[in-house]
Amino acid sequence: MAGQEGGTLNTQSDARKVSPPDIHPLAALLRGFAVDFITGHDIAVAERIMAPEYCLSIGGHLLNGRDAEYLPPTAAQIHQFPGLCVTVHDVIYGENALAMKFTEHGASSRDGGRAATWRGVTLFRTDGRKLSRGWAEEDYFARKRQLTTGICDAVDPPHPMPWDVQPAAPDLEVESVARRWLCSGEGRAGFPGANWLSKVDDSDPQPDALVDIQATTIDELFSAGNRVAFHLQHEARYRGGFAGLDSALVGSAVTVRAAGMLTVCGGEVVEASITTDRLGLYRSLRFG
């Protein structure tokens, strides 16, 4: 490799002298989670990046405690998908808070090696050093479809520089716009203009077509400049749309959970990426 003024860098000893600039600590935490822990399948990394009291809210469940309740199901998923990878599509870094839009993908050892991709959004709070709290939703309904049919969805393009994005300060006005959009008639009308992180086909209905939203509770929300990440739950009525469910279930009271990332400009939400727990909704209707 040509160096400055015609010099070369071609020895291992020279290479070891190169010290790359540090990335921001929040980016280092997220890279540790997505690359070293999940994609690298190194469970020991969790001790480095997560506080012992770490807990995760996902699909209506609270996994309380890193070692007791979070790591066992995570390890089980890695065992089911021995080549599991995470592709990062978007990131937000705030004030001791971070979020990621991602796709997990791999081949399932339980399903004859059939492959699947499933999208999601996850949010974290930190204690200043480690991840201390998490919220996430992933589209396990799409994963179930792919493992059943054997037809794998494509993975969207990755973010070009997820670990180089710089944090931004909170913006209360941006948060106010986001809360109003999420909780008002505009947001409840199915998040118009949202980029749903789900495939659309006859057996895989779009989330906003499944329910009529009655009330919204925001569990977590933070801003970083004009970006917002959130986790919420809707109290709603089932409209219909799931193949194979009794039509008598239409009108049933349901809870729908969602996580997403928004962009606010000029006092309006101009971009939204949202994933919902469609599998949890389907199971609550089918099994009560």
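**The largest pocket and its surroundings**

Guide: Helix α4 (residues 66-80) supplies the largest share of the lining of the largest pocket, namely seven residues. Helices (H or I, at least four residues) and strands (E, at least two) are DSSP runs, numbered from the N terminus. The model is a predicted one, in which local features need pLDDT of at least 70 and side-chain atom pairs count only at pLDDT 80 or more, while totals for chains, interfaces and linings use all residues. Residues are numbered from 1 along each chain as its sequence is written, and side-chain values use heavy atoms, with hydrogens and water left out.

The space in this largest pocket amounts to about 820 Å³. It is lined by 33 residues, of which I58, P73, Q77, E138 and Y140 are the closest to its centre. A pocket here is an open set of points on a 1 Å grid over the protein atoms alone, where a 1.4 Å probe fits, with protein on both sides within 12 Å along at least five of seven lines; lining residues have an atom within 4 Å of a point. Grid points are joined across faces, edges and corners, and the volume is the space filled by probe spheres set on the points. By class, the lining comprises 18 nonpolar, seven polar and eight charged residues (Ala, Val, Leu, Ile, Met, Phe, Trp, Tyr, Cys and Pro count as nonpolar, Asp, Glu, Lys and Arg as charged, and the others, Gly among them, as polar).

Turning to the aromatic side chains, the structure contains 10 aromatic pairs. One of them joins Y54 and F124, a tilted pair with 6.4 Å between centres and 35° between planes. This pair links distant parts of the chain, for Y54 belongs to strand β1 (residues 50-58) and F124 to strand β5 (residues 115-126), 70 residues apart. Y54 counts as buried because its relative accessible area is 1%, and F124 is buried because its relative accessible area is 1%. Another pair, Y238 with F242, is stacked, at 6.1 Å centre to centre and 20° between the planes. Both Y238 and F242 are buried. The pairing criterion applies to rings of Phe, Tyr and Trp (its six-membered ring) whose centres lie within 6.5 Å; planes under 30 degrees apart are stacked, over 60 edge-to-face, and the rest tilted. Burial means under 20% relative accessible area, exposed means over 50%, and partly exposed lies in between (1.4 Å probe, protein chains only).

Y54 and F124 also belong to one aromatic cluster together with F33, F37 and Y70. A further ring, that of W118, has the charged end of R143 over it, 4.7 Å from the ring centre (NZ of Lys or CZ of Arg must be within 6 Å of the ring centre and within 35 degrees of the ring normal).

Salt bridges number eight in the structure, each being a side-chain nitrogen of Lys or Arg within 4 Å of a carboxyl oxygen of Asp or Glu. R48 and D36 form one of them, at 3.2 Å from N to O. Here too distant parts of the chain are linked: R48 lies in helix α3 (residues 45-49) and D36 in helix α2 (residues 25-39), 12 residues apart. R48 is partly exposed at 47% relative accessible area, and D36 is partly exposed at 31%.

In the salt bridge between D67 and R66, the closest N and O atoms are 2.9 Å apart. D67 is partly exposed at 46%, whereas R66 is buried at 7%. D90 and R227 form a salt bridge with their closest N and O atoms 2.7 Å apart; D90 in strand β3 (residues 85-93) and R227 in strand β9 (residues 227-238) are 137 residues apart. D90 is buried at 14%, and R227 is buried at 18%.

G60, in the loop between β1 and β2 (61-64), is partly exposed at 46%. Its C-alpha atom is separated by 8.0 Å from that of G280, 220 residues away along the chain. Most residues other than glycine have a negative phi. H41, however, has a positive phi of about 60° and is found in the loop between α2 and α3, partly exposed at 25%. N96 likewise has a positive phi, near 55°; N96 is placed in the loop between β3 and β4 (97-107) and is partly exposed at 40%.
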